[in-house]
Amino acid sequence: MKIALLGYGKMGKVIERIALERGHEIVLKKDEFNTYDGLATADVAIDFSIPTAAVDNISNCFHANVPVVSGTTGWLEHYDEMAKLCNEKQGAFISSSNFSLGVNIFFELNEYLAKIMAQFDSYKVTMEEIHHTQKLDAPSGTAISLAKGVIENSNYANWTLDEAKNNEIHIEAKRIGDVPGNHTVTYDSVVDSIELKHTAHNREGFALGAVIAAEWLAGKTGIYTMKDVLNLK
Ligand SMILES: NC(=O)C1=CN([C@@H]2O[C@H](COP(=O)(O)OP(=O)(O)OC[C@H]3O[C@@H](n4cnc5c(N)ncnc54)[C@H](OP(=O)(O)O)[C@@H]3O)[C@@H](O)[C@H]2O)C=CC1
Ligand SMILES: O=C(O)C1=N[C@H](C(=O)O)C[C@H](O)C1
């Protein structure tokens, strides 16, 4: 497969290595300064850039008729706009706050646990995410997905980085050294606590998941999620 990399930073470089190991060819490495030359020749594009560049990257893919997998976080207020453009152009699109297999299993466990815990108001949920100090957005996209997973399956209404009201989920975002990404969901009562935790040991899992999603998406049209790719529906 011919792959266009939109964003060639920490993630773009790991994705390149894994894509080459799996027999793919890289036809574009887009950073802040170069053009989209070569994009139209790609079978699929993989966007891991920055919050302010994601919308341009994704919409250029739809205009060039190239399926796009986006892992960039911090731009989701524009998601509906991108979904509309994808449908208009009959494009193909997967966006996920986290492409690793482990985190996608963790998302399923989080939703299941939220359904159970919704019956027990003696427990209050909180979340913590820890990432490297270069991360631009807070909270992490993964923490927002986890909060949405709880909100959709309980009486919680919102998440907040500030002090939480009764129906709000507090998210603590910490930036420490080179941490690739840790997420913890905690249900606390007066007598005990229940914790679900995912720890990424490096960036390989995110990158492999994104390449697998790209292999799955190439040649399709429509809007999908990692639940489709991993058959978790
Ligand atoms: N969904 C998932 O599984 C994961 C998502 N992420 C997310 O992916 C994104 C990238 O992470 P990471 O690689 O660590 O970040 P980096 O900062 O290392 O890389 C971002 C890259 O984007 C480039 N960039 C800047 N402007 C543009 C532009 N206009 N078009 C294309 N590229 C541009 C930067 O180029 P330059 O160096 O020239 O400024 C930089 O190389 C983040 O949003 C992060 O949260 C990260 C890991 C996993
Ligand atoms: O910026 C990162 O590094 C990561 N970003 C994603 C997020 O915001 O959830 C995924 C992963 O945790 C690493």
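This report describes the fold, the domains, the ligand surroundings and a few individual residues of a predicted model.

Residues are numbered from 1 along each chain as its sequence is written, while chains are lettered from A and ligands numbered from 1 in the order in which they are written. Since the model is predicted, local features need pLDDT of at least 70 and side-chain atom pairs count only at pLDDT 80 or more, whereas totals for chains, interfaces and linings use all residues.

## Overall fold

The protein contains 7 helices and 11 strands, where helices (H or I, at least four residues) and strands (E, at least two) are DSSP runs numbered from the N terminus. Its radius of gyration is 18 Å, which agrees with the value near 17 Å that a compact globule of 233 residues would have; the radius is taken over C-alpha atoms, and the globule rule is 2.2 Å times the number of residues to the power 0.38. Taken along the principal axes, the C-alpha atoms fill a box of roughly 60 × 40 × 30 Å. Of the 233 residues, 38% count as buried; a residue is buried if 20 or more other C-beta atoms lie within 10 Å of its own, exposed if 12 or fewer, and partly exposed in between, with C-beta atoms placed from the backbone. Among contacts with a separation of 6 or more, 67% come from residues 24 or more positions apart, a contact being a pair of residues whose C-beta atoms, placed from the backbone, lie within 7 Å.

## Domains

The domain assignment, whose bounds come from an automatic or database source, gives domain 1 (2-99 + 204-229) and domain 2 (101-199). The C-alpha centres of domain 1 and domain 2 lie 26 Å apart, and the contact takes 9 residues from domain 1 and 11 residues from domain 2. On the side of domain 1 that touches domain 2 there are 3 nonpolar, 6 polar and no charged residues; here Ala, Val, Leu, Ile, Met, Phe, Trp, Tyr, Cys and Pro count as nonpolar, Asp, Glu, Lys and Arg as charged, and the others, Gly among them, as polar.

An unreviewed UniProt entry carries the annotation "domain: Dihydrodipicolinate reductase C-terminal" for residues 102-230; UniProt positions are given in the numbering used here, feature names are shortened, and annotations may be inferred rather than shown by experiment. The span 102-230 is 35% helix and 28% strand, and its end C-alpha atoms lie 11 Å apart.

## Ligand surroundings

A residue is taken as near a ligand if its C-beta atom, placed from the backbone, lies within 6 Å of the molecule. Around ligand 1 there are 25 residues, of which Gly9, Lys10, Met11, Ala53 and Gly71 come nearest. Helix α1 (residues 10-21) gives the most to this shell, with 3 residues, and by class the shell has 8 nonpolar, 13 polar and 4 charged residues.

Ligand 2 is surrounded by Thr73, Ser97, Asn98, His131, Lys135, Ser140, Gly141, Thr142 and Gly181. The shell around ligand 2 has no nonpolar, 8 polar and 1 charged residues, and it draws at least three residues from each of domain 1 and domain 2.

The unreviewed UniProt entry lists His132, Gly141 and Thr142 under "binding site". His132 is found in the loop between β6 (124-131) and α5 (141-151), and, leaving out residues up to four places away in sequence, it touches Gly177, Asp178, Val179 and Pro180. Gly141, in helix α5, is in contact with Thr73, Gly74, Ser97 and Asn98, its neighbours within four places in sequence set aside.

## Individual residues

| Residue | C-beta neighbours within 10 Å | Class |
|---|---|---|
| His132 | 13 | partly exposed |
| Cys61 | 31 | buried |
| Asn231 | 6 | exposed |

Cys61 belongs to helix α2 (residues 54-63) and touches Ala45, Val66, Val68 and Gly91, not counting residues up to four places away in sequence.

Most residues other than glycine have a negative phi, and most peptide bonds are trans. Asn65, however, has a positive phi of about 65° and sits in the loop between α2 and β4 (68-70), while Asn231, with phi near 60°, lies in the segment after α7 (226-229). A cis peptide bond with omega of about 0° joins Ala138 and Pro139, and Pro139 is found in the loop between β6 and α5.

Terms used:
Two residues are in contact if their C-beta atoms, placed from the backbone, lie within 7 Å.
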